[in-house]
Amino acid sequence: MNFEILRLCEKDAAAAAEIEKLCFSHPWSEATMASEMKNPYSDFFGAFCGGELAGYVGGRTVAGETEIFNVAVAPKFRRNGVGKSLLEKFIAAVREKESAVIFLEVRASNLPAIGLYEKEGFVFCGIRKDYYDDPKENALLMRLAFDGTQETEDPIECWDEE
């Protein structure tokens with residue numbers, strides 16, 4: 001599949017919000033997407049296939065730390081390298097901003113996303129109990145430190161402690 005990764009801006013908010021509806025139980029609104037896309041501390045990139053937004057990644061860098069808000073790929077474009085390419089572009093962009101670390105949360109049951117994040121160098125660093133709704137589920141916290149200091153926790157051990 002051929003796709004192009006481009007920086008997203010406010011005019012792309014509607015298409016990104018549509019992908020949100022397909023991917024998340026509590027999607028961001030178009031207004032929220034547009035507001036965050038024009039935030040000077042935020043970076044959003046989209047994968048376009050034939051002019052259609054196939055997926056996007058967005059996050060914010062403040063004081064040398066980055067948080068990924070969402071990585072979302074429309075169901076019909078999954079398993080084609082879209083998420084991997086988006087994540088790689090985002091990581092490269094925030095490294096240029098001299099971010100020291102990237103954090104993200106992921107549903108504990110989202111094994112494809114966890115696998116992708118691990119392949120890109122993210123490691124477990126904690127759990128947020130009952131973070132997600134619809135259905136209620138823990139969030140795994142993951143981090144990617146650019147200085148090579150990766151603190152890890154075994155998420156299974158964390159669950160055993162609860």
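What covers the buried residues of H2? The cover includes H1, strand S2 (42-49), strand S3 (52-62) and S4. Contact here means heavy atoms within 4.5 Å.

Some ground rules. This is a predicted model, where local features need pLDDT of at least 70 and side-chain atom pairs count only at pLDDT 80 or more, while totals for chains, interfaces and linings use all residues. Residues are numbered from 1 along each chain as its sequence is written, and side-chain values use heavy atoms, with hydrogens and water left out.

The overall picture, then. The chain has 5 helices and 7 strands. These are DSSP runs, numbered from the N terminus: helices are H or I with at least four residues, strands are E with at least two. From the N terminus, the order is β-α-α-β-β-β-α-β-α-β-β-α. The C-alpha trace spans about 45 × 35 × 30 Å along its principal axes. A compact globule of 162 residues would have a radius of gyration near 15 Å, and the chain agrees, with 15 Å. That radius is taken over C-alpha atoms, and the globule rule is 2.2 Å times the number of residues to the power 0.38.

Of the 162 residues, 46% are buried. Buried means under 20% relative accessible area, exposed over 50%, partly exposed in between, with a 1.4 Å probe and protein chains only. Among contacts with a separation of 6 or more, 61% come from residues 24 or more positions apart.

Back to H2. Its buried residues are Met33, Ala34, Glu36 and Met37. Down the axis of H2 they fall within an arc of 165°, so they line one face of the helix. The arc is that of the directions from the helix axis to the C-beta atoms.

Now H3, residues 82-96. It has 15 residues and reaches 22 Å from first C-alpha to last, close to the 21 Å expected. The expected span is 1.5 Å times one less than the number of residues. The buried set in H3 is Val82, Gly83, Leu86, Leu87, Phe90, Ile91, Ala93 and Val94. They too fall within an arc of 165° and so line one face of H3.

Next, aromatics. How many aromatic pairs does a search of the whole structure find? It finds 5. Rings of Phe, Tyr and Trp (its six-membered ring) pair if their centres lie within 6.5 Å; planes under 30 degrees apart are stacked, over 60 edge-to-face, the rest tilted. Trp28 and Phe69 make a tilted pair, 5.4 Å centre to centre with 50° between the planes. This pair links distant parts of the chain, 41 residues apart: Trp28 is in the loop between H1 (13-23) and H2 (30-37), Phe69 in S4 (65-73). Trp28 is partly exposed at 24%, while Phe69 is buried at 18%.

Last, the backbone. Most residues other than glycine have a negative phi, and most peptide bonds are trans. Here are some exceptions. Ala63, in the loop between S3 and S4, has a phi near 50°. Arg79, in the loop between S4 and H3, has a positive phi of about 65°. Ala63 is exposed at 81%, and Arg79 is exposed at 79%. Just after H3, Glu98 has a positive phi of about 65°. A cis peptide bond joins Asp134 and Pro135, with omega about 5°. Pro135 sits in the loop between S6 (123-132) and S7 (137-145).
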